[in-house]
Amino acid sequence: MNRRTTRTIAAVLSLSAALAISGCSSDSDAGDGKPELKVSGGYMPEPIDDKMAGAFMVIKNDSKAADKLTAVTSTISGDVTIHETKDQKMQQVQALDVPAKGELKLARGGDHIMFMGLKNKPKVGDKVTVELRFEKSDPVKVELDVKERTYQPQKTN
């Protein structure tokens, strides 16, 4: 083999090795093994009063590792809890699953976030910032749009 052929073969082998290595880590997990979660469609219907409010969103997990939503904090309330709805009954839970290669939908009539004792009453057009905390993933800050009380997000399938 001449020098040019040897360099070409070496370049092809290097490129093949790089592609193989990158293919092994393309599951959207962070380098530290934590799932990378994406939040979309976050909103809060305008509360009737300053006693309570709800929040809804979709938390998408494209990674191979499942995670759990374990806590939510916000400056609008010191009492923010996670609720599930089963058999038309709402109850507070310690965590909600965010499945691997799946999503956690927080929606009206289903699982959601509750804010009790609001420090101020947000109006339509305002934004409410929350921090979502997870079992494995890093915290995620989300800005919720305050929408009309009757707002229903568009369904996409």
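Me: Apart from neighbours within four places in sequence, what is E131 in contact with?
Reply: E131 is in contact with A71, V72, T73, P139, V140 and K141. Contact means heavy atoms within 4.5 Å.

Me: What sort of model and numbering is this?
Reply: This is a predicted model, and residues are numbered from 1 along each chain as its sequence is written. Local features need pLDDT of at least 70, side-chain atom pairs count only at pLDDT 80 or more, totals for chains, interfaces and linings use all residues, and side-chain values use heavy atoms, with hydrogens and water left out.

Me: What is the mean pLDDT of the chain?
Reply: The mean is 85. 78% of the residues reach 70 or more. pLDDT is the predictor's confidence in each residue, from 0 to 100.

Me: Where is the pLDDT below 50?
Reply: Over residues 8-28. Beyond near neighbours in sequence, this stretch has eight contacts in the model. Where pLDDT is low, the predicted coordinates should not be read in detail.

Me: Back to E131. Buried or exposed?
Reply: E131 is buried, at 18% relative accessible area. Buried means under 20%, exposed over 50%, and partly exposed in between (1.4 Å probe, protein chains only).

Me: Which strand does E131 lie in?
Reply: Strand 9. Strands (E, at least two residues) and helices (H or I, at least four) are DSSP runs, numbered from the N terminus.

Me: Which side chain makes a polar contact with the side chain of E131?
Reply: That of R133, at 2.9 Å. A polar contact is a pair of N or O atoms within 3.5 Å; within protein, one must be able to donate a hydrogen and the other to accept it, and residues adjacent in sequence count only if both atoms are side-chain atoms.

Me: New topic. How many salt bridges in the whole structure?
Reply: A search finds seven. A salt bridge is a side-chain nitrogen of Lys or Arg within 4 Å of a carboxyl oxygen of Asp or Glu.

Me: Which residue forms one with D97?
Reply: K68, with the closest N and O atoms 2.6 Å apart. D97 lies in strand 6 (residues 96-98) and K68 in strand 3 (residues 67-74), so the pair ties together parts 29 residues apart in sequence.

Me: How exposed is D97?
Reply: D97 is partly exposed, at 48% relative accessibility. K68 is partly exposed at 29%.

Me: And what does D145 form a salt bridge with?
Reply: K127, with the closest N and O atoms 2.3 Å apart. D145 is in strand 10 (residues 140-147) and K127 in strand 9 (residues 127-134), 18 residues apart.
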